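Okay, thanks for coming, everyone. Have a look at the model I'm putting up, and then I'll walk you through a few spots in it.

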Amino acid sequence: PITAEAPAPAVEAPAPAPAEEEAPRGAFAAAAAVSAKVVGVESQRVLVGVPGTGLSYFNFERVLDGDANQESSYETSCAPLVKSFCDGTNGCLLAYGQTGSGKTHTMFGPPDTLSDACHAPGSELSRNAGVVPRALADCLKAVEGAKERGACVNATLSFTYLELYREQLTDLMTGEKVSLYRVGKGAAADEYREQAGCDDDVLLGNATHFDVTAHGAKKAWAALAEAEGRKRRAATAMNARSSRAHTVFALSLTQRRSINEAVLSSKLYLCDLGGSEQVKKSKATGQRFQEAVEINRSLTVLGRVVDALVRKNKYHVPYYESRLTTLLQPAFGGNARTTILIAASPDDKDGDEALAALRFGRRCARIENSTKCSTANMKEVLEHLEGQIGDAKKELATLEARGAKQRAEAEASDATLRGMGAGHNAASRLQAVSHQDDTGGDVTKESRLAGAKGYTHVDDDAGQYVILTQKLAALEARRRLVVG
């Protein structure tokens, strides 16, 4: 396949060749065809015969033909992002293209790549390994090398691995559903971000964060190999192993280069987008048809987001019309260095799909992002954390003196009260039941709960105790992460 890489921000592409330049043989016949055709591939541009328009060049930072290997694909598209990521800058790589064009092979490699790495001496990757395992291996080597050189006192490298299937996020590490939360603006939102230890406008609930620095490469390959088995795939007329969802592999790095220096945080998103497909070609029916509709719909929203950013529409960018674009908002509109990897087939039968993918890449190259390192003063971070931890412990001690701990433990062990939430008073119990368990506001169950073991409502003190206990655990985890 052709793998075209178009990073953003991009320098204005060079002008197309002048008209007198000799066109490739058969180019004019291709321009007159009723369907688009890829006519020629050069190191930085692709020549396409466009029906009704003629020959058109698409310029990119780099174009790789079908003879390119996995190493060159990685070095061209992702290695610069990995270097910036290790230096403290956010990054994102999006693999985009039609189904069957080679996106998943480029991103992950053949099916047995990760399981083979588990048994290889030194956990070495094979030459067929894709972008994701190569990026993870390089990041881990960079962290270990920095520690050996004394350039970094403490560093934590972790990842989450998500699948977006028909607008439902799943943690591929566990198979459990993941919640996607949007954080608004204002003092309350800032406090929530602070408690969650995250500066993003989007937070993930119930997502696994696998600590690579603690477990090592071999266990990371084993965990990823198991996660690969949870992906949703199916055969279509265009692809025997068609991915029926989008996958997002997100790396997080927190590092402290000396005792007195700032804490440096960065993220790297590696996204294998589900392939766009024409149902008349893929012959998808039933569930496969619905999957194709959802993939195409989310990719359409992604295209609208790109168009709005290119037009610099500051009033409305439709990030929240799809969970895919909600999740990728930091990559497109925020503080990130973003690369678009376009996978396209040079076959004549796939010409229209290749043209659409190349046009998308050209539009993305016109988006301008700004990047900066996310840092915080070490002394200020620790002082602030210690203050929050001290306040939480004082509040917990006050609640324990009122017997809140015993009541919270009693409620946790009472099956009839599970799922009720924390801190609800008598007036809000019906609403709590309606939204947090399967009763749908059943008044009969409500009356049964009211008399259960003498409880008339979910105790406010007990609820606050549970909330503060969770907050204290999160704050102490953050302190361990910073101190090392």
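So, to start: how many residues sit between β2 and β3 in the hairpin they form? There are three residues between them. Before going on, a word on provenance: this is a predicted model, where local features need pLDDT of at least 70, side-chain atom pairs count only at pLDDT 80 or more, and totals for chains, interfaces and linings use all residues. Residues are numbered from 1 along each chain as its sequence is written, and side-chain values use heavy atoms, with hydrogens and water left out.

Strand β2 covers residues 37-41 and β3 covers residues 45-50; they run antiparallel, with four bridges joining them. Strands count as paired if DSSP finds at least two bridges between them. Val41 stands opposite Val46 in β3.

Now the overall picture. The protein chain has 18 helices and 17 strands; those are DSSP runs, H or I of at least four residues for helices, E of at least two for strands, numbered from the N terminus. Of its 484 residues, 48% are buried, meaning under 20% relative accessible area with a 1.4 Å probe, protein chains only. Taking contacts (heavy atoms within 4.5 Å) between residues at least 6 apart in sequence, 69% join residues at least 24 apart.

Next, helix α6, residues 131-149. Its 19 residues should span 27 Å at 1.5 Å a residue, and its end C-alpha atoms are 27 Å apart, so the two agree. The expected span here is 1.5 Å times one less than the number of residues. Buried residues of α6 include Val132, Leu136, Leu140 and Val143. Remember that an α-helix has 3.6 residues a turn, so residues three or four places apart point the same way.

Two side chains to finish. Thr325 is in helix α11, residues 323-327. Is Thr325 buried or exposed? It counts as buried, because its relative accessibility is 2%. Its side chain reaches the backbone oxygen of Ser322 at 3.0 Å. Leaving out residues up to four places away in sequence, Thr325 touches Val301, Leu302, Val305, Pro318 and Tyr319.

Then there's Asp350, in the loop between β16 (337-344) and α13 (351-364). Asp350 is buried too, at 5% relative accessible area. Its side chain makes a polar contact with the side chain of Ser345 at 3.0 Å. By polar contact I mean a pair of N or O atoms within 3.5 Å; within protein, one must be able to donate a hydrogen and the other to accept it, and residues adjacent in sequence count only if both atoms are side-chain atoms.

Note on methods:
Buried < 20%, exposed > 50% of the residue type's maximum accessible area, 1.4 Å probe, protein only.
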